[in-house]
Amino acid sequence: MLQATSPLTTSKDIQTAFKTFQDNKADSLVTVVRAHRFLWKVGRNGEAIPKNYKPERRPLRQEWDGEMMENGAFYFFTAESFRRTGSRLSGKIVAHEMSADTFVEVDERQDLIIVEKLLNARLNRDTKSKDVQIAKSCTVIGEIGINHNGDMDICKKLIMACKVSGAKYAKLQKRNPDVCIPEGQKSKVRDTPWGKITYIEYKRRIEFSEKQIEELIRFGDTIGIKVFASVWDKDSVDLMAKYTRISKIPSALITDLDLCRYARKKFDFLIISTGMSQESDIDACYLACKPDVIMHTNSTYPCPYEDLNLRYIQHLQTKFPSAIIGYSGHEYGLSTTFAAVAIGAQWIERHLTCDQHMWGSDQLSSIEIPDFFKLVKGCNAVVKATQYPPGDRRVFPREMSKMKSLRKGKKNKDENKLST
C-alpha cells in the first residue's frame, strides 16, 4: 500500500523493501526512519514522564542508535494476514529503513512547500550528477594490511615508502583473531613461514599488539604520515579509537550493521569498501553509518580487468552525492587505477608490499614500492590533466610559440583569449 502523502518515496526504496519482505518470508512490512529524539509524555498529575531514556543517564546522540519511527511511506502485507486481522501490520513484521527526509508527509500546505523544495533539490542533484564528476584532488592510501607478516621493521619500511611517495595515509588491518575467526577454522593446521601451526596461532602471530600499534602510529606521526587501520570487530574499534580519528570498514564486514554503527560513533571519519556486496547491502550500510568515503572495489584477488566495472564509480557519485567516492583496486598494474581517477575517484587505495613473492594471501595482488611511487605520481598527473570541465577548446600560453612559428597569416584571433 503506497501512501500518496509521502511523495519522497523512490522506486529503489520499494524494490529494496520488497526484497526484504520476500527474503524474510514476512507477513507485513513497515517503513521507518531513524531519529534521535528523546520522548516524553504527561502523566495524570501533570508530571513529565520520559518514555525512551532515563534523564539521569541521558545518552549522547552520537552514542545512541536512536529510535526507529514509522514514516507511513508504504506498507506490504499478505492478503492472508490482512483477512485474518483486518490490520496492515500483523504476524511477522519486518522494517525497511528510509532516509531522514522521507519523514515529511503532505498533510498541510506548508508540508507541500517543504516537499516541493526537497524534490527540486533532488532533481537538480540528479541532473548535475549525470555528467562525469572531475576529481579535484586525489588522496592515496597505501594499504599495508597484513603484508608485514607481523614484522615491525617491514611495516615501518612500508610506512616510510608511503610517506616518501606522497601518499597521505598508510593503512593496516586490526582484528581480534579470537573473535573474528570461526570456531571451525581455529584448530585447522596450516603451512606457514613458522612451520605447521594452527590457523588461530598463525593469525595471532601476524597481529600487532596495542603497544606495537601505538609505536607504528607514533612512527608515522614522526615522519609526517597518518597511520590507521581497517577494523574487523568492536575490540579493534575500541583499540584504534584511542590513537586515531579515522578508520575503515572492510568489504567483508559492511553487512555487520552493528559494527558499522559502532565504528561511526567512535571515529570522526569513516570509509567503507563495497566488494562482494549487493546493492541492498550498500544501501543498508550507508543508512547505518553514513560513511564519509565509499570505495568501489571488486574483492577478487587479483581482479581481472573485465570484472573491474569502473563505471560503477559514476553510479555511486549519482546515488550518494554527499559522500566522497573512491576506488580500492586489487588488479595487476596501474593503468586501470589511473582510469578510476579520470572517471572521478577522489580517494585511491592499493595494497603495498616489499616483494610480491613474499608469503601471504595479499602479496600477489599488491604493488611493490617502485610501482607505488609511480601510482601516486600518476594519480596526481591525471587530476591535473582532467581539471577542466567539458567546453570549448582552450589555448594555453605554452602553445603560443608554436602558433606564432607554424601558422602563417595575421595574428590569431584567439591569442587574446588564452587560458591561464
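What share of contacts in the protein between residues at least 6 apart in sequence join residues at least 24 apart? The share is 66%, with contact meaning heavy atoms within 4.5 Å. The model is predicted: local features need pLDDT of at least 70, side-chain atom pairs count only at pLDDT 80 or more, and totals for chains, interfaces and linings use all residues. Residues are numbered from 1 along each chain as its sequence is written, and side-chain values use heavy atoms, without hydrogens or water.

The protein has 15 helices and 16 strands. These are DSSP runs, numbered from the N terminus (helices H or I, at least four residues; strands E, at least two). The C-alpha atoms fill a box of roughly 85 × 75 × 45 Å along the principal axes. Of the 420 residues, 43% count as buried (under 20% relative accessible area, 1.4 Å probe, protein chains only).

Two parallel pairings involve β7 (pairing requires at least two DSSP bridges between strands). Strand β6 (residues 139-145) pairs with β7 over 4 bridges. Strand β10 (residues 226-231) pairs with β7 over 6 bridges. Lys171 in β7 stands opposite Glu143. Lys171 also stands opposite Phe228 in β10.

Methods. Buried < 20%, exposed > 50% of the residue type's maximum accessible area, 1.4 Å probe, protein only.
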